[in-house]
Number of protein chains: 2
Amino acid sequence: MRADAERSRRRILDAACEVFLERGPDAPLDAVVRRAGVGPGTLYRRFPDRTALVRALVTDLLARLAEAAGQARAAEPDPFRALRRFAHAAADLRMGAAIVVLLERLVVDADLVAVRSRAVAEVEALLRAAQDAGQLRADVGMGDLVLLCVRVSRPLPGGLAALDADGTLVHRHLDLALAGLRPGAGDGAGGAEPLSFEQLIAAAGRPGEPSPTGVAE
Amino acid sequence: MRADAERSRRRILDAACEVFLERGPDAPLDAVVRRAGVGPGTLYRRFPDRTALVRALVTDLLARLAEAAGQARAAEPDPFRALRRFAHAAADLRMGAAIVVLLERLVVDADLVAVRSRAVAEVEALLRAAQDAGQLRADVGMGDLVLLCVRVSRPLPGGLAALDADGTLVHRHLDLALAGLRPGAGDGAGGAEPLSFEQLIAAAGRPGEPSPTGVAE
DNA sequence: ACTTAAACGGAGAGATTTTCTCCGTCTTTG
DNA sequence: CAAAGACGGAGAAAATCTCTCCGTTTAAGT
């Protein structure tokens, strides 16, 4: 692959990540094009249709997510700190959020299952370790962790996004939220069981929700 | 005002709240119409243009927000519990989120300043009381509180919204996040000063951000 | 340097979506 | 039960989005 082609691909993928994150998986590809600073032709040449783009993006992100989790585990002996480092890395890369936004749109084929399983396993290891060490509330599941990351690391709506151009606030709020996951912290977590990853996937894949932005038409 | 007119008005405002929350302040009014289950004529008769609708919505929400804060303060003697009650009420009413999404679009006139000041004062009282009682970290500002509410109570993206049709998860995660605001909790909040309300407003009103969904075009 | 194969940007046709008005019908209220 | 007013929806006009085609530019090998 030619060098400029590779560069374009990256720019498109990065732009798509941001755009889908902000506007949902039905965001105009036109917006991706503008954000990426390439011509429409370039996008459509490389990704024949929306699905191809989404699939490439998800695969890319899941791989990087698994990578980050592994690195966090290797770099931090303390289980909670490892988890925290991972959460921050995930936020930086806009990973959790993008993945969740996008997963629902895809027919999950074998390839995707493979890369997803690897990512889930890595993160689950982090979570388990922290819980086994008694450094993380027992009533917090993978689903809770992922959703927390999604919620905190999503770009703020509208002009508020400008508040956090450099991501300082995301990290600040992520730390605040993580503090709530320590064993001693606060009041019980307002009812309900820990949320598992399976529940998350089940909801995301649920058919019959026509609009991806969640608006019932 | 005729009874059915009043009913339509409410349905439109409620629908607009949800829709703007999910799709940003540029969401098609058409979507509001569909969600509200009224005809386009009805919307455009009552709200001549987008601005009129947004203004009415924001005013309505700010008033309810102030109301909720007052009630929380009256109902709970314990300052942290009062704050917590308020946060849950705000989440239920989708208030914080909607307000923040919308504020930026408006020329802030005297009316709006008045209703906004009242709301801010009420919430600030809650916050101060909790801090003075030593039940809330000192390094948390109004901005942090509001943003936390916004982040946690925003509808989840895409199909994930279905996970939380009844709002159970929002309350669960709100409690987790609030737990992170207790004085003892966790590690320091990843650098940075407390975020004030003024900073929030300044960012929201910042001109030169053409797209309200935050996509640079 | 030069050739060639490949990638690039952007104009623009066609399809789709969104805005907003007009009007015939139905509802509230006195 | 009459009149004033509200309602829904069809649809014209405008805006946006998708996707293709093609002349120009760029990278890589000789």
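Biologist: What makes the largest nonpolar core a core, and which residues have the most contacts inside it?

Modeller: The largest nonpolar core has 144 residues. Those with the most contacts inside it are A:Leu65, A:Ala98, A:Ile99, B:Leu65, B:Ala98 and B:Ile99. A nonpolar core is a set of buried Ala, Val, Leu, Ile, Met, Phe, Trp, Tyr and Cys residues joined through C-beta atoms within 7 Å. This is a predicted model: local features need pLDDT of at least 70, side-chain atom pairs count only at pLDDT 80 or more, and totals for chains, interfaces and linings use all residues. Residues are numbered from 1 along each chain as its sequence is written, while chains are lettered from A and ligands numbered from 1 in the order in which they are written.

Biologist: What does B:Leu65 contact beyond its neighbours within four places in sequence?

Modeller: B:Leu65 is in contact with B:Ala90, B:Met95, B:Ile99 and B:Ala119. Contact means C-beta atoms, placed from the backbone, within 7 Å.

Biologist: Where does A:Arg137 sit, and what does A:Arg137 touch?

Modeller: A:Arg137 lies in the loop between helix H7 (110-132) and helix H8 (142-153) of chain A. Helices (H or I, at least four residues) and strands (E, at least two) are DSSP runs, numbered from the N terminus. Setting aside residues up to four places away, A:Arg137 touches A:Leu181 and A:Pro183. A:Pro183 is 46 residues away in sequence, yet the two C-alpha atoms are 4.2 Å apart.

Biologist: And why is A:Pro48 called buried or exposed?

Modeller: A:Pro48 has 10 other C-beta atoms within 10 Å, so A:Pro48 is exposed. A:Pro48 is in the loop between H3 and helix H4 (50-75) of chain A. Its C-alpha is separated by 31 Å from that of A:Val146, 98 residues apart along the chain.

Biologist: How do the residues near DNA strand C divide by class?

Modeller: Eight are nonpolar, five polar and eight charged. Ala, Val, Leu, Ile, Met, Phe, Trp, Tyr, Cys and Pro count as nonpolar, Asp, Glu, Lys and Arg as charged, and the others, Gly among them, as polar.

Biologist: Which residues come nearest to DNA strand D?

Modeller: Of 20 residues around DNA strand D, A:Pro28, A:Gly41, B:Ser8, B:Gly39 and B:Gly41 come nearest. H3(B) gives the largest share of that surface, four residues. The classes are eight nonpolar, five polar and seven charged.

Biologist: How do helix H5 (residues 79-92) and helix H9 (residues 168-179) of chain B pack?

Modeller: Their axes are 10 Å apart, at an angle of about 145°. The contact is made by B:Arg84, B:Ala87, B:His88 and B:Ala91 of H5(B) and B:Val170, B:His171, B:Leu174 and B:Leu178 of H9(B). Five of the residues in this contact are nonpolar, two polar and one charged. Axes are lines fitted to C-alpha atoms, for helices over the stretch in contact, and angles run from 0 to 180 degrees between N-to-C directions.

Biologist: Which residues of H2(B) are buried?

Modeller: B:Ala31, B:Val32, B:Val33, B:Arg35 and B:Ala36. They pack against H1 and H3 of chain B.

Technical notes. A residue is buried if 20 or more other C-beta atoms lie within 10 Å of its own, exposed if 12 or fewer, and partly exposed in between; C-beta atoms are placed from the backbone. Two residues are in contact if their C-beta atoms, placed from the backbone, lie within 7 Å. A residue is near a molecule or strand if its C-beta atom, placed from the backbone, lies within 6 Å of it.
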